[in-house]
Amino acid sequence: MQVENAIAPTVINANESPFESFWMAGFECTDQMNASGYRVDLLEATGHLELVREDYSRIRSLGIRTVREGIRWSVVEPAPYQYNFDPVLHMMHAGREKGVQQIWDICHFGYPDDLSPFHPRFTSRFVSLCEAFTVFYTQHHPGQPLFVTPVNEVSFISWLGGEVAGTAPYCTKNGWDLKYALMRAYIAGVKAMKQLSPLVKVVTTEPLVNVVSADPANPADVETAAWEHELQFQSVDMLCGRICPELGGSEDLLDIVGFNYYYDNQWVAGGRGILGWNDRVLDPRWSPLSDLLEAGYLRYNKPVLLSETSHPKEDRPIWIEMVAAESAAAISRGVPLLGVCLYPIIDRPDWDHLHIWHHAGIWDTDSSGKYARVLHQESVDALLAGQQVVAEALEGQRLLC
């Protein structure tokens, strides 16, 4: 069945952003099993599901009109092949009322209780979910594009669940097998959604990292670092059919290449330390964010999104200032950067220790009362200044074009 068979496919123009705002807000939506084997639901824990309209009003006050949200697979599929999208519709109604555009994660680290990526029916269950959600979305948003991330951070969850047993399926030394299984389902899901509607636009959200050698004079060490560095691209390379072609990937399945970037995303190969990002004298092996974004763009030749970024505690405003400057630098060099998503925009607790809050959002909160929203004014000031810096870079590129 073709849901939108009367509408021709559209290609995203790198010079015209499809998003309502460059600066975006991400609401933590994981429903994963944590390291102790307990299900966590951060949409509930942060109070966002209850306060979605108020949260949307808050972000609108800062000029943010595009958000990342998640449908929570474990919630919307209470029994195999049976779906209840009522909580998602609740958020959709809030977005429509408040004028907020939504990008949807289908699987954000969580699977139903009876399922794992190694289950023989994992792919068929995921494809069915993707089809059901596409039909549901199209019914409520006829003629509108569906921006969707099928599986969030395949590279990270493959490490967490496949190498260090930090979540389902609680494996070690199985990271590649887990990544392969996830991407098999991912690719099949994308094909099913795009067959239903040409308005489906796939946004990847993979970690952007820089892995360096401890000893640049040691060829073996350099080779190891280069190999570790390359691992970050495996998932998107699979999606594009550049590796593992038997999975059916192809370049046309990718619309926007999203990168998630945090303060600990640059390290020395072999687990030998994190490169400091705000040292008085930076390590010569450190790569500016703009360089990493440009390299990602040149690799895939698709519009780019900084799909997650944030910093905990007192360094939040300094981080936002850096991200804005580096985003402007990338734009000025011709990188079609469509946006920056501050993730999380509302503070979130730790998955494994729910009493510990990261203090990484524009608003702080905790588990008391009705989920307080405490504005971090220094971060707001940095964001407003950063919006101006990026706006000037975007205007400069428009004049050049």
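Gln234 counts as buried, because its relative accessibility is 19% and the term covers residues under 20% relative accessible area, with exposed meaning over 50% and partly exposed lying in between (1.4 Å probe, protein chains only). The residue belongs to helix H9; helices here are DSSP runs of H or I with at least four residues, strands are runs of E with at least two, and both are numbered from the N terminus. When neighbours within four places in sequence are set aside, Gln234 is in contact with Trp176, Lys179 and Ile243, where contact means heavy atoms within 4.5 Å. Between the C-alpha atoms of Gln234 and Leu384, which are 150 residues apart along the chain, the separation is 36 Å.

The model is predicted, with local features requiring pLDDT of at least 70 and side-chain atom pairs counting only at pLDDT 80 or more, while totals for chains, interfaces and linings use all residues. Residues are numbered from 1 along each chain as its sequence is written, and side-chain values use heavy atoms, with hydrogens and water left out.

The overall fold was then described. The secondary structure of the protein consists of 12 helices and 13 strands. A compact globule of 401 residues would have a radius of gyration near 21 Å, and the 20 Å of the protein agrees with this; the radius is taken over C-alpha atoms, and the globule rule is 2.2 Å times the number of residues to the power 0.38. Along the principal axes, the C-alpha atoms fill a box of roughly 55 × 50 × 50 Å. Of the 401 residues, 56% are buried. Among contacts between residues at least 6 apart in sequence, 75% join residues at least 24 apart.

The surface and the charges were also examined. The protein exposes about 16300 Å², of which carbon and sulfur atoms supply 54%; accessible areas come from the Shrake-Rupley method with a 1.4 Å probe, and for residues only the protein chains shown count as cover. The protein carries 30 positive and 51 negative charges, and the mean positions of the two sets are 4 Å apart. Lys and Arg count as positive and Asp and Glu as negative, whereas His and the chain ends are not counted. The place of a charge is taken as NZ of Lys, CZ of Arg, CG of Asp or CD of Glu.

A disulfide is a covalent bond between the sulfur atoms of two cysteines. The structure holds 0 disulfides, the criterion being a pair of cysteine sulfur atoms within 2.5 Å. For Cys107, the closest cysteine sulfur is that of Cys130, and the distance of 9.2 Å is too far for a bond. Cys107 is buried, because its relative accessibility is 1%. The sulfur of Cys244 lies 13 Å from its closest cysteine sulfur, in Cys240, and is therefore too far away for a bond. Cys244 is likewise buried, with a relative accessible area of 14%.

Backbone geometry was considered next. Cys244 occupies the loop between helix H9 (234-239) and strand S8 (257-260), and its phi is near 50°, a positive value in a residue other than glycine. Arg72 also has a positive phi, near 65°, without being glycine. Arg72 is situated in the loop between strand S2 (66-70) and helix H3 (73-76), and its relative accessibility of 4% places it among the buried residues. The peptide bond from Ala168 to Pro169 is cis, with omega near 10°; Pro169 is in the loop between helix H6 (154-162) and helix H7 (175-196). A cis peptide bond also joins Tyr343 and Pro344, with omega about 5°. Pro344 lies in the loop between strand S11 (337-342) and strand S12 (363-364).

Thr149, in strand S4 (residues 146-151), is buried, with a relative accessible area of 0%. Apart from neighbours within four places in sequence, Thr149 is in contact with Trp104, Asp105, Ile106, Cys107, Val203 and Thr205. Asp264 is partly exposed, with a relative accessible area of 32%, and is located in the loop between S8 and strand S9 (266-268). The C-alpha atoms of Asp264 and Pro303 are 24 Å apart in space, and the two residues are 39 residues apart in sequence.
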